[in-house]
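Biologist: Hi, could you walk me through this model when you have a minute?
Modeller: Happy to, let me put it on screen.

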Amino acid sequence: MNKVMSNIWMITLYILPALLLLLVLIYIPLGLSAYYGLMEWDGIGNMKFIGLENFITGIQDMKFWSSVYHSFLLALFSALSLLAYLAISLILASNIKGSDILRKIYLIPMLLSSVAIAQLWIKVYNPTNGMLNSFLMAIGIDDPPAWLAEPSLVLYAIFIPILWQYAGFYILIYYAALKNIPAALVEAARMDGASPWQVAFNIKLPLIKGVFKVTIVLAIVGSLKYFDLIYVMTGGGPNGASEVMASYMYKVAFRSYDFGYGSAIGFLLLIITLMVTFIVRKLTVSDEEELQY
Amino acid sequence: MQRVGYVVLYVILIIIAIVQIFPLFWLFLFSLKDNQQIFAKSPFSLPDHPHWENYLKAWQGNIGTYFFNSIWISTVAVVLTVLFASMATFAITRMKWKLSKLVLGLFMVGLMIPLHSALIPLFKLYLSVDLIDNPISVVLSYTAFHLPVTMMILLGFYYTLPKEIEEAAIMDGCSVNLLFARIILPMTTSVLSTTVIINMIYNWNEFVFVNTFISSDQYKTLTVGIQNFIGQYQTDWGPIGATLIISIVPIPILYIFFSNKIVEGMSASAIKG
């Protein structure tokens, strides 16, 4: 038994295809992005070593930092929206008839491509014929804004479809966690005279704290990677007002053909994402330990 | 009193459901209208008669090719992803070797990596082996980048498989390959089908890899193809709506048949790690 299942050739045979793909197409490119970041390179011609110049440019590039700021803002919005999703899940999981079909309806936008969602919401936001402004004009607001062309509004306008897209996903997760709470616990509390509010805040929410932490990490890290929706809806515009890290990197590399600088930004994106993941995990874990002692 | 509260909560939940599907209903409405109706009448009005010619117009572009590409590229990538992920999960959870924990860790860290950080080096890699504007680059990228999440869903299931089964099989002289192909894989069909559907949705909706690696129309998938098509028809809303509907319609069909699997896969892809 042991001999067969620890045969080195068999192990290699089974792990190799996946491991090779992982190393060659993910880990090695990640390392290379740091290396290419040290080059001046237009994507086709020869590379020229220029040291840390690209990284120094990045640190001084206000456009880059404004894209970082927008990414963090979206991450903050996403984290806050979790509270709304949680509230909806609490209602949905409290013995509501048809809760199963409702949560399945909520999930529909999550299954569509971000490109289709972006195209649909471009139409929703159309200044004259879109669903939103037609509605606003119908209720007497004469001069509704051109949402995606207004630098001060565009980031919020982009966040609405994101909120819409991910609602079903997080509600699904919270719903499953809430349904996992032993019914006996809730019943006992009700018997002792606890109100629905008390049951929610003192029993249900503490019990799904772990799941909530996981979703915070997911929401924040996920937001730092946003690309498709923004790229299609605004291309980062108007005038950089909705530029995020990934879209800025893409623009520098594949539109301005500055692949060296693009690689440097790609690498900074990696470092920032990993650092934020680490910090958010650290914060939530120490929280948990506090609870235990 | 409690009754009233219940009704209020119910109404809230139903309003949210309407918000979640109304934009899609509106999309379907304008996919059946001509420009005159779209621009002159209320956006919430029903079409005077359904303008199916919008769908004809949409189909006359390259959308048939894009549709076909989406199907075969997604399918090939799903088969490779699920096969390689199953093999790797089998090796990590059932076989005994020193580095298994470390390799598992590598795959799980892969879940957090932003693909944009790898994009330029990947582009250069494919360029150097002449795979740019070749769908193989897209298939390989889909497979590699979806291995971690697929393995995460599979892991929980593999850990629960009883050891006695493989012990008995090996005692009877069954080889590792037979054990995997004839015993383990059939036992995991339920979780396998979940990973197949989830991967199918991911691949169907993917945009960045195709947009970056593919330039000829003949290899583009729907997400990138409709993007070009819509660029040409900017003011012609009807065909745009029809194109979007065609591009998303397989998903609701899949959802009607496999909603439980999709729900299961979506939550498993988030939590287990």
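**Chain B, end to end**

Modeller: From the N terminus, chain B runs α-α-α-α-α-α-α-α-α-α-α-α-α. That comes to 13 helices and 0 strands, where helices (H or I, at least four residues) and strands (E, at least two) are DSSP runs numbered from the N terminus.
Modeller: This is a predicted model, in which local features need pLDDT of at least 70, side-chain atom pairs count only at pLDDT 80 or more, and totals for chains, interfaces and linings use all residues. Residues are numbered from 1 along each chain as its sequence is written, while chains are lettered from A and ligands numbered from 1 in the order in which they are written.

Biologist: What does chain B average in pLDDT?
Modeller: The average is 89, and 98% of the residues score at least 70; pLDDT is the predictor's confidence in each residue, from 0 to 100. For the model, ipTM is 0.90 and pTM is 0.91.

Biologist: Switching topic, how many residues does each chain put into the contact?
Modeller: Chain B gives 70 residues and chain A gives 76, with two residues in contact if their C-beta atoms, placed from the backbone, lie within 7 Å. On the chain B side, helix H1 (residues 2-31) supplies the largest share, 11 residues.

Biologist: And H5 of chain B, is that mostly covered or mostly open?
Modeller: Mostly covered: 10 of the 13 residues of H5(B) are buried. Buried means 20 or more other C-beta atoms within 10 Å of the residue's own, exposed means 12 or fewer, and partly exposed is in between, with C-beta atoms placed from the backbone. The buried ones include B:His116, B:Leu119, B:Phe123 and B:Lys124. Just after H5(B), B:Asp130 takes a positive phi of about 60°.

Biologist: Which residues have the most contacts inside the largest nonpolar core?
Modeller: A:Ile171 and A:Tyr174, in a core of 154 residues. Such a core is a set of buried Ala, Val, Leu, Ile, Met, Phe, Trp, Tyr and Cys residues joined through C-beta atoms within 7 Å. Helix H8 (residues 154-179) of chain A gives the most to this core, 16 residues.

Biologist: Which residues does A:Ile171 contact?
Modeller: Leaving aside neighbours within four places in sequence, A:Ile171 is in contact with A:Tyr85, A:Ile88, A:Ser89, A:Leu92, A:Arg103 and A:Tyr106.
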